[in-house]
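Colleague: I am new to reading protein models. Could you take me through some features, one at a time?

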Amino acid sequence: MDENIQQDINVLIKRRFEELNELKILGFEPFAYSYDVNSNAEDIKKNFNEDEKHVVKIAGRIMAIRRMGKASFAHIQDHTGRIQIYLRKDDIGDSYNAFKLLDIGDIIGIEGFVFKTKTGEISVHTTSMTLLSKTLRPLPIAKETVDEQGNKVIHDQFADKELRYRQRYVDLVVNSEIQETFLQRSRIISSMRNFLDSSGYIEVETPVLQPLYGGAAAKPFTTHHNALDTTLYLRIADELYLKRLIVGGFNGVYEISKDFRNEGMDRTHNPEFTMMELYVPYKDYEWMMQYVEKMIHHICTGVFGTLDFEYEERKINFNSPWQRVSMVDALMEKTGLDILTAQVDELKAMANKLGVDIKGLEAKGKLIDEIFSAVVQPELIQPTFVVDYPLELSPLAKKHRSKAGLVERFEGYVAGREICNAFSELNDPVDQRERFEGQVKAREEGDEEAHQIDEDFIRALEYGMPPTAGLGIGIDRLVMLLTNQSSIRDVIFFPQMKPEVK
RNA sequence: GGGCGCGUAGCUCAGGGGUAGAGCAUCUGCCUUUUAAGCAGAGGGUCGGUGGUUCGAGCCCACCCGCGCUCACCA
């Protein structure tokens, strides 16, 4: 930060330190130990009764002050919202002198009785004020007013996106409406966990630090373990460990945890993100599609009380069953090309004709994926399962029981975005080894994201894994969808940022 | 990395060649039902940085730095 700006802030901070000392001299402890709260802003307003003087004890942060000599009004904000307080020197004596030394941002406890002002605002008439925490930095507070048309106008809003992300604690205080999105995130995860638990599946934890990374096509973060003197990777997926647990005999395991991918950042990508993966033995991807429908239904109704959502101005309805379309059919319809029999040259020609950037790709699977992403995916607005993917795109999925060249895999799309990925898990260790070897070949041909051979995983499969259905859901993106947020940074408290420039 | 945009007081912003502005916030005084409280006064800026053009540069030019959006890669 620029030194001069720093100095200017310091003038304000210096004044706060002076107030701190003056408060101590007056005998007020600026940082209290506790306060017995028995009400909150929301309850006070909800339970207001003209005839009774409710006595309440509340605590919160001062968000506005209007001083009028020997009496003052202020608004304090707690976790339920704001409420006005009224303080008079006649009522609180010496504390009024302390109040004169308080600022917006300070945290106080107020005991008093509830009343309604001349102008009709339910307020607390203070009989006792306790300073709980003195602020040493000025809060970038906004003021609100209502214009002639009845629109809420916010003045001096704390709007710098970078500062909001870097200092989320300030953002949460002064733009407190964002708390709702994060509360919804929390409820979505709880609801999902609750649904999985009630199905009898076990929540487990598997390593974040892995000697071999796998389970997805992505570049990892690399780190080093000193005592072992070995390279470890931050996991890019939980998949291979969770399937080992299915080998071990559990009746369904899931994990909700952070995965890490060392790739670009934008409105839908953060380097660490939250993933839910579920594996259920003796089931296949058909069963899993229905399970996803039920789970999303449970979350939508449980958290939001509705199946109707709006995302980026488009209406979405989560009624079951979701639409289903096979990848082959969808591409046939859009391009007239049968991707099962098409040659690489035909796919490249089609991509060029459609204006799809294939940037030197040669692998058939990747070409198909590019064309699909460009021409089909954006049109999948209502919840849709795209089923049966090319084998070479899915080295961990089981070959389709009747369609050659495909695997039993589906992805769920909503509002043109992928929200889940699932398959009938490959449990044939011989086939798995061949797929891994195919990946090694792809890697040698320059595909940095191709899988490595995980010998221990193959060994686990050789001990026998029951037929299993597996699912992955990107939690951040699900939350974005359900809370109508277009940036992943708005559903993650502390999104990754460039290092702060001093 | 490419393209577009932004950077002026603590916050939100005006000013587009003539020597720095507004509102809020801060400080002082008055004010015991206010609510963007009010009234009177005060302080606060090397206008993101460096060079250049000019008698004179927030303003024009070049380069750099930071941030946002977007494209590419990707969940």
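Colleague: Which backbone oxygen does the side chain of threonine 384 reach?

Modeller: This is a predicted model, so treat every value as computed from it. The side chain of threonine 384 reaches the backbone oxygen of glutamine 382, at 2.7 Å. Threonine 384 sits in strand 17, residues 384-390.

Colleague: Is threonine 384 buried or exposed?

Modeller: Buried means under 20% relative accessible area. Threonine 384 has 2% relative accessibility, so it counts as buried.

Colleague: Now helices. What end-to-end span should helix 7 have?

Modeller: Count 1.5 Å a residue. Helix 7 covers residues 178-198, which is 21 residues, so it should span 30 Å. Its end C-alpha atoms are 30 Å apart, which agrees.

Colleague: Which residues of helix 7 are buried?

Modeller: Start with the general idea. An α-helix has 3.6 residues a turn, so residues three or four places apart point the same way. In helix 7 the buried residues include Ile178, Thr181, Phe182, Arg185, Ile188, Ile189, Met192 and Phe195. Glutamine 179, also in helix 7, is partly exposed, with a relative accessible area of 30%. Just after the helix, glycine 200 takes a positive phi of about 90°.

Colleague: How far is glutamine 179 from phenylalanine 493?

Modeller: Their C-alpha atoms are separated by 9.8 Å, yet the two residues are 314 apart along the chain. Phenylalanine 493 lies in the segment after helix 15 (475-483). Its relative accessible area is 38%, so phenylalanine 493 is partly exposed. Together with Tyr169 and Phe494, Phe493 makes a nonpolar surface patch of about 360 Å².

Colleague: Next, strands. In what order do the three strands of the open sheet come?

Modeller: Strands of a sheet pair through backbone hydrogen bonds, either parallel or antiparallel. Here the order is 9-11-10, and the pairing is antiparallel. Strand 9 (209-210) and strand 10 (222-225) are the edge strands, each pairing on one side only. Four bridges join strand 10 to strand 11, residues 230-234. One pair to find is histidine 224 with its bridge partner in strand 11, threonine 231.

Colleague: What does a hairpin look like in this model?

Modeller: Go to strand 14 (residues 308-311) and strand 15 (residues 314-317), which run antiparallel and are joined by four bridges. Glutamate 310 has lysine 315 as its bridge partner in strand 15. Two residues lie between the strands, and glutamate 312 takes a positive phi near 45° in this hairpin.

Colleague: Last topic: charges. How many salt bridges are there?

Modeller: The general idea is simple. Side chains of opposite charge can pair when their charged atoms come close. The count here is 36 salt bridges. In one of them, lysine 243 pairs with glutamate 239, with the closest N and O atoms 2.9 Å apart. The two are four residues apart in helix 8 (residues 239-247), so about one helical turn separates them. Lysine 243 is buried at 0% relative accessibility, and glutamate 239 is buried at 5%.

Colleague: Which salt bridge joins arginine 244 to a partner?

Modeller: Arginine 244 meets aspartate 456, at 2.8 Å from N to O. This pair links distant parts of the chain: arginine 244 is in helix 8 and aspartate 456 in helix 14 (residues 455-462), 212 residues apart. Arginine 244 is buried at 16% relative accessible area, whereas aspartate 456 is partly exposed at 32%.

Key: Residues numbered from 1 in each chain as written. Chains lettered and ligands numbered in written order. Predicted model: local features only at pLDDT ≥ 70, side-chain atom pairs only at ≥ 80, totals over all residues. Heavy atoms only, no water. Expected span 1.5 Å × (residues − 1). Buried < 20%, exposed > 50% of the residue type's maximum accessible area, 1.4 Å probe, protein only. Patch = residues over 30% accessible without salt bridge, like charges linked within 9 Å, V, L, I, M, F, W, Y side chains within 5 Å. Areas by Shrake-Rupley, 256 points an atom, 1.4 Å probe, with all protein chains shown as cover. Salt bridge = Lys/Arg side-chain N within 4 Å of Asp/Glu carboxyl O. Pairing = 2+ DSSP bridges. Polar contact = N/O pair within 3.5 Å; in protein donor to acceptor, adjacent residues only side chain to side chain.
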